[in-house]
Amino acid sequence: MRDQIYYSKFKAALESKQDSSRAIRMKAYMKGQFEFYGVSSPDRKGIVSGILGEMGNPDLDVLWGITGLMWADPHREMQYSCMDITNRSLKILDKSMTPYYNKLIGQKSWWDSVDWLAPRVMGTLFQKYPGLQNEYLDHWINSGNKWYVRSAILFQLHYKEKTDFDLMCSLIIKSAGTKEFFINKASGWALRQYSKLQPELVIKFIDDHPELHNLTKREGLKWMKNKGIIE
């Protein structure tokens with residue numbers, strides 16, 4: 001099948017660039033969560049460009065198959081390559097794939113995959129099919145799973161002026177009180193991103209909610225401090 005052909009080409013190309021010493025460092029950086037070939041990001045992106053230039057971007061059915069094969073592979077560069085491929089095909093994503101990507105948030109979960117799946121893929125699908133959003137957000141924020149909670153907070157990360165700030169704030173408030181680093185960091189990141197558009201709203205929100213974790217406050221104010229908007 002065509003998805004297997006893509007997968008085999010990527011696997012062979014990544015194996016040809018493997019670097020065992022870099023792989024050890026990459027695995028350590030990711031807290032030993034995954035195996036690595038040790039392929040640098042520029043080399044991996046070059047591989048993706050080369051293979052897609054030769055074979056073309058996959059259609060939706062093939063993309064679905066490629067995603068399954070690459071996500072099952074033990075090497076993290078395979079998941080990164082899947083992200084690179086999908087980034088070129090976001091416009092063709094269909095609502096039928098939403099449950100599948102939702103499951104991927106909970107598989108091989110770490111910040112590098114979740115921070116792509118939530119804002120880039122699920123965020124795109126929620127914008128394309130607005131009715132889908134309500135099907136997932138309540139589950140995510142109430143799941144007790146840090147990666148799904150993080151996804152709820154970050155799915156609007158690329159929405160810019162289309163961000164529903166009230167919704168974002170309500171999700172942040174629901175998760176306030178946790179000591180979980182990845183949730184508190186995500187809350188601060190979401191606020192920091194929106195502060196580039198409406199700094200006064202972010203300042204007011206943080207001032208009005210002293211229960212927010214210090215990490216969330218610090219991250220949320222970081223961009224404004226760097227720009228000299230606040231001291």
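Mentor: Lys-31 lies in the loop between helix H2 (20-29) and helix H3 (41-55), where helices are DSSP runs of H or I with at least four residues, strands are E runs of at least two, and both are numbered from the N terminus. This is a predicted model, in which local features need pLDDT of at least 70, side-chain atom pairs count only at pLDDT 80 or more, and totals for chains, interfaces and linings use all residues. Residues are numbered from 1 along each chain as its sequence is written, and side-chain values use heavy atoms, leaving out hydrogens and water.

Although Lys-31 is not a glycine, its phi is positive, at about 60°. The residue is exposed, with a relative accessible area of 63% (exposed means over 50%, buried under 20%, partly exposed in between, with a 1.4 Å probe and protein chains only).

For context, consider Lys-160, in the loop between helix H9 (146-154) and helix H10 (165-175). Lys-160 also has a positive phi, near 55°, and is a residue other than glycine. With a relative accessibility of 56%, Lys-160 counts as exposed.

Elsewhere, residues of two helices meet. Helix H1 contributes Tyr-7, Phe-10, Lys-11 and Leu-14, and helix H5 contributes Glu-77, Met-78, Ser-81 and Ile-85; contact here means heavy atoms within 4.5 Å. By class, this contact of H1 with H5 has five nonpolar, one polar and two charged residues (Ala, Val, Leu, Ile, Met, Phe, Trp, Tyr, Cys and Pro are nonpolar, Asp, Glu, Lys and Arg charged, and the others, Gly among them, polar).
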